[in-house]
Amino acid sequence: MLVYSPEESVTVSAQALRRLLEKGDGDAALLYLALLRHHGTIQPRALAGELRWERPRIEAAEEALRQLGLIAPAEQPPAPAEESPAYQRSDILERLESGGEFRSLVAEVERKLGKKLTVPDIGILLGLQDYLGLPGDVIYLLVCHCAERIQRRYGPGRRPAMRQIEKEGYAWARKGIDSQRAAAAYLKQYAQRQETIPLYMRALGLGERAPSPSEEKYLTAWQEMGFAPEAVALAADKTILKCHELKWPYCNGILKRWHEAGLHTPEEIQSGDRPAPGREDKPRESAWKYV
């Protein structure tokens, strides 16, 4: 005998039900029901945490639904919204009481941050796992990365706020960092870039001080474009000649123009950066936003 619940129901069309029964794939059916529960407003892979599946399992179910014509052909997924859904206190407590990976993740994060997480804090972790689909081990690496970055900037004993961790988690999701291998590669690259930051600061004539968060974003973007400190020093020199001081947006505009022209080394810049006669060298200061 079926037990009916007064809660909101999920309706499956007869055609979809027939296709699922003929396929005989239980994982595909469960994923389809989960998508219907969210009214189709969530990416299938973002349900990995809710279904408690590893990423390969949910990808296989997703492909099965695609073959059945129950979800659209694969496209580049849209960037996640800047905020996860608001989880009810009851939902959060239910996940904690169910034990398993999520409870272990909460305990590990509490140990790393040295504090007891509040229910809203735990809701942020739940959003990273359920909404963004980040596995627990990736979330823990994310927390460790944020904690080390805050301590490096502000000194021992300082720890990141959960909102800071959430913001960085969304940045990881946009970059496709959703596996331990991808996270390890990103963190290795990040560490290498951090080691070279002092070289860029000295090239800009700023001495040994640490860059501000906004300055660090510029420096990271310039490294990603392929500019060595010597090339950045040339852009800084042009900026000071024009503006009589180092203006980061103006310097960024120069480097952006060189990047678009394929000029990255000092030799390439000196031979290829020749403005046309009568054309004033005005880089687009604010036309490009760093990520």
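## About the model

This is a predicted model, where local features need pLDDT of at least 70, side-chain atom pairs count only at pLDDT 80 or more, and totals for chains, interfaces and linings use all residues. Residues are numbered from 1 along each chain as its sequence is written, and side-chain values use heavy atoms, with hydrogens and water left out.

## Helix 6 against helix 7

Helix 6 covers residues 100-113 and helix 7 covers residues 119-131; they pack at an angle of about 125°, with axes 11 Å apart. That angle makes helix 6 oblique to helix 7 (under 35 degrees is roughly parallel, over 145 roughly antiparallel, 65 to 115 roughly perpendicular, and the rest oblique). Helices here are DSSP runs of H or I with at least four residues, numbered from the N terminus. Axes are lines fitted to C-alpha atoms over the stretch in contact, and angles run from 0 to 180 degrees between N-to-C directions.

Helix 6 brings Glu101, Phe102, Leu105, Val106 and Val109 to the contact, and helix 7 brings Ile122, Leu125, Leu126 and Gln129 (contact means heavy atoms within 4.5 Å).

## Helix 10 against helix 12

Helix 10 (residues 180-203) and helix 12 (residues 229-243) have axes that come within 8 Å and cross at roughly 30°. The two are therefore roughly parallel to each other. Helix 10 passes helix 12 in a right-handed crossing. On helix 10, Leu199, Tyr200 and Ala203 make the contact, meeting Pro229, Val232 and Ala233 of helix 12.

Note on methods. Left-handed = near helix turned anticlockwise from the far one by under 90°.
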